Amino acid sequence: MKSNPDLADRESVEARASGRLTARGKKVFVKSYGCQMNVYDAARMADVLAPEGFVETNDIGAADLVVLNTCHIREKASDKVFSELGKLKLMKDERQSEGRDLQIAVAGCVAQAEGAEILRRQRAVDIVVGPQSYHRLPELVRQATRGPVIDTEFPAEDKFDHLVAPTEDKVRQRGVSAFLTVQEGCDKFCSFCVVPYTRGAEVSRDAAKIVLEAEALARAGVREITLLGQNVNGYHGRGENDEDWSLAQLLERLARIEGLARLRYTTSHPNDMGEDLIRAHGESPSLMPFLHLPVQSGSDRILNTMNRKHSAEDYLRLVERIRAARPDIALSSDFIVGFPGETDEDFEATLALIHNVGFASTFHFKYSPRAGTPGADLKDQVPEEVKTERLVRLGELVEAQRRAFNLSVVGRNIDVLFEKPGKKPGQVSGKTPYLQTVQIEAPDSLIGEVATVEIVECGANTLFGRIARGEASNRRGEEAF
Ligand code: SAH
Ligand code: SF4
Ligand code: F3S
């Protein structure tokens, strides 16, 4: 029943004019796997569907459209998608028996890599859309009412120019720490990695557009932005002065945006760590002293077959230079164990590198052969049980380093950006500059503030503390840049 026919009519005329009559009042559920860029993309997919009348829901049972935003990096990540699709098919069958429908979209890197194969393996899927074409989702959703559609092109147009900005309310709901993609794709072709094939060639966004997006986030209360790129430190986008800017220049510009207290960037390649970026770590108070710098292996022979184009010694020297610029910087890294041809000696070299550097945290994986990458065709694939044993040994070493790093901040006063309510009522949770989680007893009003906290205890994954005595809380907008 229409309580206000005039308004309803006007809305439907406007909706028809913009071609978005189909989805008024429908709900979309987006589930993301994989890296932070997928988290960013998932939010942008919801944003691009919002003007079509799709409201985001956390309840998959209430959704009219389910988008699986997938990751292809390792076999396990890819396989997960097909088991998830099996469950969605049952849900769709049940819905259809009740005379309703459920649209299923597969987005992300599995969509790009597998394309039509997804429709062959799971006929319940309506839409397959790659990471470079998800701005076309509204059109694809409309087309899919007539039959399954696939869009895995690398379109000529820039997807970012066709995305829809989120409302301030939406940004607020997503929290005070936000991701922002500044560079996408990869031209490095490490021999184990699918990313150059799934995300395409390396492209940097124009600085002016990034600044606009960051300013809008800051206006809606975002205090921390993590710039994203598959090789983010290789950023070389058009600057506001029409010259190419490096990541350091972009960071310097973003640091001037009012309200932004913290800047981070991920993921970096050791070969793109420019002198100006290293210097920025020593000079910019808003650039957080934490750097994720994947090295993968400590063996030169393996680094060479991985096509990483640097030696273990190059990495160690780079770490020295970064630490000279910013002595308190915490480092994290990615490691692959059991890459083809990896001997015990190669693996020991990786452990030696880890001992040598000392990491605050790491991600470590068993090598997973990926079809279409050179690594998959190499002889001397390492047996599964050897990979498992190496992963356990490496895991014990990096866990000890993580624990030691967390214990080293106990008794210290550290700035914490509070992000959300804590686990228990009356607690709030935030992050140190080194990305450690901190919980303290304090009111929710602290969320969005940076306050100095005395760390008193170190749990398994969380630090506990209290507002430092005599330290005025660092109120919104008062941070030095
Ligand atoms: N661009 C980043 C990493 C992107 S992928 C970089 O250059 O380091 C994230 C991590 O997944 C990689 O650092 C690597 O450690 C891991 N990874 C990628 N492909 C893999 C594979 N085939 N098997 C196991 N781990 C892999
Ligand atoms: Fe993959 Fe290597 Fe590119 Fe990183 S640099 S995304 S590991 S190919
Ligand atoms: Fe996965 Fe694609 Fe990210 S393969 S790690 S979702 S770039």
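When I say contact, I mean heavy atoms within 4.5 Å of each other. Helices (H or I, at least four residues) and strands (E, at least two) are DSSP runs, numbered from the N terminus.

Quick housekeeping. This is a predicted model, where local features need pLDDT of at least 70, side-chain atom pairs count only at pLDDT 80 or more, and totals for chains, interfaces and linings use all residues. Residues are numbered from 1 along each chain as its sequence is written, chains are lettered from A and ligands numbered from 1 in the order in which they are written, and side-chain values use heavy atoms, leaving out hydrogens and water.

Okay, helix H10, residues 247–254. Six of its eight residues are buried, meaning under 20% relative accessible area with a 1.4 Å probe, protein chains only. Those are Leu247, Ala248, Leu250, Leu251, Arg253 and Leu254. They pack against helix H9 (207–219), strands E10 (224–228), E12 (244–245) and E13 (262–266), and helix H11 (275–283).

Now the sheet. It's open, with six strands in the order E2-E1-E3-E4-E5-E6, paired in parallel; pairing takes at least two DSSP bridges. Strands E2 (54–56) and E6 (149–151) each have a single partner strand, so one side of each has no neighbour in the sheet. Over at that end, E5 (residues 127–129) and E6 share three bridges, and Val128 is bridged to Ile150 in E6.

Last stop, ligand 2. Around it sit Cys186, Lys188, Phe189, Cys190, Phe192, Cys193, Val195, Pro196, Asn231, His269 and Arg308, each with a heavy atom within 4 Å. Which residues dominate that shell, by class? Seven are nonpolar, two polar and two charged, counting Ala, Val, Leu, Ile, Met, Phe, Trp, Tyr, Cys and Pro as nonpolar, Asp, Glu, Lys and Arg as charged, and the others, Gly among them, as polar.

Terms used: Buried < 20%, exposed > 50% of the residue type's maximum accessible area, 1.4 Å probe, protein only.
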